[in-house]
Amino acid sequence: MSGLPVATHASQVPTVCFDLRNVQVHLGTAGRLHALSDIYLRVQAGERVALVGANGSGKSTLLRTLHGLQRASGGEVHRASTLRMAMLFQRPHMLRLSVLRNIVLGLWLQGVPWREARERAQVALARVGMTHLAERNARALSGGQQQRLALARAWALRPDVWLLDEPTASLDPHAKREVEALIAEFTQGAASEGKEAAGRPPTLVFSSHNLGQVKRLASRVIYLEQGQLLADLPVTDFFNHDLLRALCPQAHLFVQGESL
Ligand SMILES: Nc1ncnc2c1ncn2[C@@H]1O[C@H](COP(=O)(O)OP(=O)(O)OP(=O)(O)O)[C@@H](O)[C@H]1O
């Protein structure tokens, strides 16, 4: 694993965030399960990449490999050294503390002084419309509220890169819409302090089974099947049925199945 050269433009946000070359991830007993095979993937700063594919196709493993939570068994993982990454999961992990303290502690652990952390946490809570819940125990929140809190906690850290693993999969339709709207706001520039001034919104890589959500949030779609990357297309090409059928029949079948 190594750092990519960092571009010199004012924001210090590098042009290439991730560059995976021939990456393999083997899991399970004696590494017999090939969760990812021969992955080549370069993600530029500001891209919005959706990972799609059936259950077990390797989406979570790829996200975890990008983050560094999962070590590659082979190949090269290059990651820009200055990246600040936030990773969110389908079911967020909340500390048994108040809503506000969940954010404050996250910031404090990153070296932000307590007083500043409290102020930033309050701004972040307001940003997700949860100020009135600041003193509630975070574990007592609904699933949708917990995911909004997880987003606030991540946003308070001002990440360059958002890695989201099926962030709305376990939510009811109303909470889904709320959480998706926040993801759109936080990752499309408008709410990203500092990044906006640099003219470059943060980078988003997310997995989803919701193809409507993929259309709304992504600019590029990657299709995985049994750990292999079979299609990597601009979102408009991916949802062009004739083109997709010609370029990647497996992905076309998958889209047809998911659209039923
Ligand atoms: N810790 C682990 N040990 C062994 N096998 C694992 C482990 N984690 C994942 N796998 C296997 O690796 C493969 C890829 O799993 P992964 O969770 O990346 O798929 P996914 O596309 O995210 O699936 P889903 O849509 O269900 O979340 C699957 O066969 C899965 O069973």
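Leu224 has Leu229 in β10 as its bridge partner. That bridge belongs to a set of 6 that join strand β9 (residues 220–225) to β10, the two strands running antiparallel. Helices and strands here are DSSP runs, of H or I over at least four residues and of E over at least two, numbered from the N terminus; two strands pair if DSSP finds at least two bridges between them. β9 and β10 form a hairpin with 2 residues between them, and Gln226 in the turn has a positive phi of about 45 degrees.

Before I continue, two remarks on the model. It is a predicted model, in which local features need pLDDT of at least 70 and side-chain atom pairs count only at pLDDT 80 or more, while totals for chains, interfaces and linings use all residues. Residues are numbered from 1 along each chain as its sequence is written.

The protein chain has 9 helices and 10 strands. Of its 260 residues, 40% are buried, where buried denotes 20 or more other C-beta atoms within 10 Å of the residue's own, exposed denotes 12 or fewer, and partly exposed lies in between, with C-beta atoms placed from the backbone. Among contacts with a separation of 6 or more, 68% link residues 24 or more positions apart; a contact requires the C-beta atoms, placed from the backbone, to lie within 7 Å.

β6 pairs with β7 (residues 161–165) in the parallel sense over 4 bridges, and Ala86 stands opposite Trp162 in β7. β7 in turn pairs with β8 in the parallel sense, over 5 bridges, and Leu164 stands opposite Phe206 in β8. On to β4 (residues 48–52), which pairs with β8 in the parallel sense over 4 bridges; here the bridge partner of Val49 is Val205.

Next, helix α4 (residues 143–156). Its 14 residues should span 20 Å at 1.5 Å a residue, and the end C-alpha atoms are 20 Å apart, which agrees; the expected span is 1.5 Å times one less than the number of residues. Because 12 of the 14 residues are buried, α4 is largely enclosed by the rest of the structure. The cover over the buried residues of α4 includes β6, α2 (99–109), α3 (114–127), β7 and α5 (173–187).

Two loop residues deserve a comment on backbone geometry. Most residues other than glycine have a negative phi, and most peptide bonds are trans. Arg158, in the loop between α4 and β7, has a positive phi of about 50 degrees although it is not a glycine. Arg158 is partly exposed, with 17 other C-beta atoms within 10 Å. Ala30 lies in the loop between β2 and β3, and its phi is positive, near 55 degrees. With 6 other C-beta atoms within 10 Å, Ala30 is exposed.

Phe18 lies in strand β2 (residues 16–27). It counts as buried because it has 25 C-beta neighbours inside 10 Å. Leaving aside neighbours within four places in sequence, Phe18 is in contact with Leu41, Arg42, Val43, Leu66 and Arg79.

Finally, the ligand. Which residues surround it? The shell includes Leu27, Gly28, Leu33, Ala35, Gly53, Asn55 and Lys59, a residue being near if its C-beta atom, placed from the backbone, lies within 6 Å. β3 (33–44) and α1 (59–67) are the elements that give two or more residues to this shell, and α1 gives the most, with 3 residues. The shell divides into 3 nonpolar, 8 polar and 1 charged, where Ala, Val, Leu, Ile, Met, Phe, Trp, Tyr, Cys and Pro count as nonpolar, Asp, Glu, Lys and Arg as charged, and the others, Gly among them, as polar.

Methods. Two residues are in contact if their C-beta atoms, placed from the backbone, lie within 7 Å.
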